[in-house]
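Here's a quick briefing on charged side chains and how they pair up. Have a look at the model first, then read on.

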Amino acid sequence: GTSSEDGARIPVLGIVLTLGSMSRPRSLPSLSVRNFAQIKHADVPLGDLSVLVGPQASGKSLALQLLKLCLDGQRVTRILLDNGFAWSGVEGLAERIFGEGMGRAWRKRTSVSMGGHALHLDALASEARKLSSPQQVFYVPAQRALTIMDGWPLSFPQGPLGTPFVVRQFSEHLAGILRSVSSSGRIFSLETPKLKLGLRRAVDDALFRGAALDLATIRGKTELRLIQGKAQLPTIAWTAGQREFVPLLIALYALLPAGKRTRDHDIEWIILEEPEMGLHPKGILAVMLLALELLARGYRVVLSTHHPLVLDIVWGLTRLQEQPGRGGGQRVLRMLGADPDLLPIAQAALQKRYTITHFGPGERGQVLTTDISSLDPGSSNPIVEGWGGLSGLSGRIGDIVAEAAQ
């Protein structure tokens, strides 16, 4: 369950899967899901950066939570027990993990595996296992803005009973990170050297515009405040984009440490649900730069998205990979509008592998997946050609306007 120069060893419910060295070619592991909730058949190849696309309620979040469970299942059940949560059988555990109303999502015909090794929810439900390894997956949920109330993250037991495990754990992570800052301290500004200068400039230009993010003590209570001039703005006064982005930024501070320690060596995988939520395209570019920094430091990133700009960036990176030679990193910087000091991140991005999986309705509305990693606009498959629906709508609008002009 530890990282090494020889490869990444990932325990899957007691089975160790060796994925191989980041520096050598290796086959892609995949997540396989059958007959879970609305998902009839899903196969998700997992590259260095894996992207999930598809309409709402197509099972993307559930697949990401299952990936977390495959890798951290023993730890998930132990954390639930340590925080006073109890359950009866598989249905009860599914409610605790996936949220209220999800108890019957795991059926007799359900099967889930990663890298060919099965996840057994019945074994997790019946055994209170000891923590045999550190957490390997850091999960940033789509509901991240709801985890901060009155300027401070909720604790694990707080919130409605039906709150999914990944939301509770993320909120607890945020609280731990903020406690390490001290009762008062600067979280972000253009001058705070907690990220590379080019990343700070991108984040500031897109999200803060010269404002600073502080951890302040107000009337005896520690809370996050946005500092604009002489004003100290509480979370309720932030923009929607700031409320969505700040929890992600705080989480990344733990994953992108400054100094000689380049990463959290226990964490192998980072899951980002809809990181573009509430953001202008410049903000999405800043988030994708942060994702590429995670890749450059050796993490593997899995994200879900509804925004075509994310796929535009992946398409650009994969096309530039097809043009070997000098200057590729500079072209990546120009593509992302990034500063020259981020050249190592750009160069590393050209060495990574990218996969894109579409979740969409099949027969009787049950969800099936399609590998659309090629992003080929000339494909005979309309799902691939339309980038899983993210480019198809704009193409249709263009066709109609062109028809009218003719």
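A search of the whole structure turns up 15 salt bridges, meaning a side-chain nitrogen of Lys or Arg within 4 Å of a carboxyl oxygen of Asp or Glu. Side chains of opposite charge can pair when their charged atoms come close. Keep in mind that this is a predicted model, where local features need pLDDT of at least 70, side-chain atom pairs count only at pLDDT 80 or more, and totals for chains, interfaces and linings use all residues. Residues are numbered from 1 along each chain as its sequence is written, and side-chain values use heavy atoms, leaving out hydrogens and water.

**Partly exposed pairs**
- K282 and D205 join in a salt bridge at 2.6 Å, N to O.
- That pair links distant parts of the chain, 77 residues apart: K282 sits in helix α7 (residues 281–296) and D205 in helix α5 (residues 197–208). Helices here are DSSP runs of H or I with at least four residues, and strands are E runs of at least two, numbered from the N terminus.
- K282 counts as partly exposed because its relative accessibility is 39%; buried means under 20%, exposed over 50%, and partly exposed in between (1.4 Å probe, protein chains only).
- D205 is partly exposed too, at 32%.
- R34 and D43 also meet in a salt bridge, at 3.2 Å, N to O.

**A buried pair**
- E293 bridges to R297, with the closest N and O atoms 3.1 Å apart.
- E293 is buried at 2% relative accessibility, and R297 is buried at 18%.
- K196, E293 and R297 are linked in a salt-bridge network.
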